[in-house]
Amino acid sequence: MPPDSSPAAATAPDISQSPPTLVTLFIAFAKMSLAGFGGVLVWARRGIVDQHKWMTADEFNETFALCHFLPGPNIVNLTFVFGSRLRGIPGAIAAFTGLVGPPALIMVVMGMLYHRYGEIDALRRILSGVACAAIGLMLAVVFRMMTPLLKRRDVIALLVMAAVFIAIGVLRLPLPLVLLAAIPISIAVTYATRKEAA
């Protein structure tokens, strides 16, 4: 994948003059979902930021962060927000249908096959290998999403991120309580930082 855009270039998205058509949105998200073994986030970021350049790395991070605080699956929320941003409600529906439609059909077939052949030992070993690959993909996308923060040397943002990781991943504190503390702090720090920069 090509390197992320520099912080200076991240302020202006490299979106073409006319937004993508509904068919283009559907096909793009269908490709992402069909490539997304173990999770679509890796491929969604690659398609939206690196391939089509519909968003900058910072915009993707900010949109995905917003979608984390909405109910429902994060990637589905991202699809709706992104599709509606480019093409309104029809764009949201086209992106969502592309994301969910093809994998849903495949999973119906795979579920039927697994119901019949799921006890085969070789199949269980294959699924264990796929799970390891999925974890690797998730770690890769986390690093890619951290890159803009590292390039800007945003120490406060990295400290907040580390604190949330420790609170949830190490100390096992309840997610809602951590978010209730982290969201106001993040908003206040971002507001103060940008006010000073202006």
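This is a predicted model: local features need pLDDT of at least 70, side-chain atom pairs count only at pLDDT 80 or more; totals for chains, interfaces and linings use all residues.
How do the residues of the lining of the largest pocket divide into nonpolar, polar and charged?

Residues are numbered from 1 along each chain as its sequence is written, and side-chain values use heavy atoms, with hydrogens and water left out.

**Whole protein.** Colour by secondary structure: there are seven helices and zero strands. Helices here are DSSP runs of H or I with at least four residues, strands are runs of E with at least two, and both are numbered from the N terminus. Of the 198 residues, 28% are buried (under 20% relative accessible area with a 1.4 Å probe and protein chains only; over 50% is exposed, and in between is partly exposed).

**Helices α1 and α4.** Select residues 22-35 for α1 and residues 74-117 for α4; their axes come within 7 Å and cross at roughly 45 degrees. That angle makes α1 oblique to α4 (under 35 degrees is roughly parallel, over 145 roughly antiparallel, 65 to 115 roughly perpendicular, and the rest oblique). The axes are lines fitted to C-alpha atoms over the stretch in contact, and angles run from 0 to 180 degrees between N-to-C directions. The contact of α1 with α4 involves 15 nonpolar residues, five polar and one charged (Ala, Val, Leu, Ile, Met, Phe, Trp, Tyr, Cys and Pro are nonpolar; Asp, Glu, Lys and Arg are charged; the others, Gly among them, are polar).

Now pick L25, which is in α1. L25 is buried, at 0% relative accessibility.

**A134.** Move to α5, where A134 is found. A134 is buried, with a relative accessible area of 15%.

**The largest pocket.** Select N61, A65, L149, A157 and M161, which lie nearest its centre among the 42 lining residues. A pocket is an open set of points on a 1 Å grid over the protein atoms alone, where a 1.4 Å probe fits, with protein on both sides within 12 Å along at least five of seven lines; lining residues have an atom within 4 Å of a point.

Then show α3 (57-68), α5 (121-152), α6 (155-170) and α7 (175-197), each of which supplies at least two lining residues. The largest share, 11 residues, comes from α7. The lining divides into 29 nonpolar residues, eight polar and five charged.
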